[in-house]
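Here are some notes for a colleague who is opening this structure for the first time. Please read them alongside the sequence and the 3D view.

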Amino acid sequence: YDDMFRRLFAGHGDVEVTAYDAVNGELPMDASEADAWLTTGSRHSVNDDEPWIRDLEQFVREVAASGVPFVGICFGHQLIAKALGGTVVKSDRGWGVGLQEVEVSDDLGWGDSYRVLTSYQDQVDTLPPGAEILGWNDHCPVSVMGVRPNLLGLQGHPEFESAYSQALMESRRGTLIPVATVAGGLASLTEEP
């Protein structure tokens with residue numbers, strides 16, 4: 001995912017992306033090492049009993065206390081919730097795939113809504129203390145979450161391109177993701193994110 005984010009930020013000359021391999025135990029020494037942090041999606045669940053996930057949760061708590069901006073994408077969104085006392089569950093609505101419309105709070109200044117590519121099974125179920133819902137839809141009631149003053153979580157994948165989303169769905173069709181869910185997700189790709 002770091003390459004996808006490098007492409008996403010390529011037009012912003014003041015953004016330098018440095019990747020850490022959290023799965024293999026590589027984490028920053030201190031929350032102040034960067035001007036801002038971003039945690040990407042993952043094939044893992046924040047509920048997996050893995051030491052690296054617990055270490056990453058601790059880092060999120062340190063960043064939250066430091067005031068340094070932090071954005072969590074998909075797994076990262078769920079990680080913020082879990083690290084700060086919320087809960088994350090496998091959604092009873094099933095997989096969220098393809099392009100989804102997300103309604104947003106006026107507080108964000110993003111307009112009424114936005115379209116984002118998605119691929120997730122877990123969702124934030126209960127917010128951590130002090131968090132607020134900033135974006136939602138019928139499939140994912142906590143699509144965007146803010147924890148003031150410095151954390152923002154997004155369930156969707158702004159770094160995905162439609163071709164990648166399509167390939168991901170097709171590779172999981174009938175194995176991880178039900179055939180009908182993939183068909184709906186593929187049909188949603190007629191619009192641009």
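1. Ser 165 is buried, because its relative accessible area is 2%, and buried here means under 20%. The model is a predicted one, and the values in these points should be read with that in mind. Ser 165 belongs to helix H4, which covers residues 162-172. Once its neighbours within four places in sequence are left aside, the residues in contact with Ser 165 are Gly 98, Leu 117, Thr 118, Phe 160 and Leu 189.

2. How many disulfides does the structure hold? The number is zero, and Cys 74 is accordingly in no disulfide, with the nearest cysteine sulfur, that of Cys 140, 8.9 Å away. Seen from Cys 140, the closest cysteine sulfur is that of Cys 74, and the 8.9 Å between them is too far for a bond, because a disulfide needs the two sulfur atoms within 2.5 Å.

3. Are these two cysteines, Cys 74 and Cys 140, buried or exposed? Cys 74 is buried, with a relative accessible area of 6%, and Cys 140 also counts as buried, at 1% relative accessibility.

Terms used:
Residues are numbered from 1 along each chain as its sequence is written. This is a predicted model: local features need pLDDT of at least 70, side-chain atom pairs count only at pLDDT 80 or more; totals for chains, interfaces and linings use all residues. Side-chain values use heavy atoms; hydrogens and water are left out. Helices (H or I, at least four residues) and strands (E, at least two) are DSSP runs, numbered from the N terminus. Buried means under 20% relative accessible area, exposed over 50%, partly exposed in between (1.4 Å probe, protein chains only). Contact means heavy atoms within 4.5 Å.
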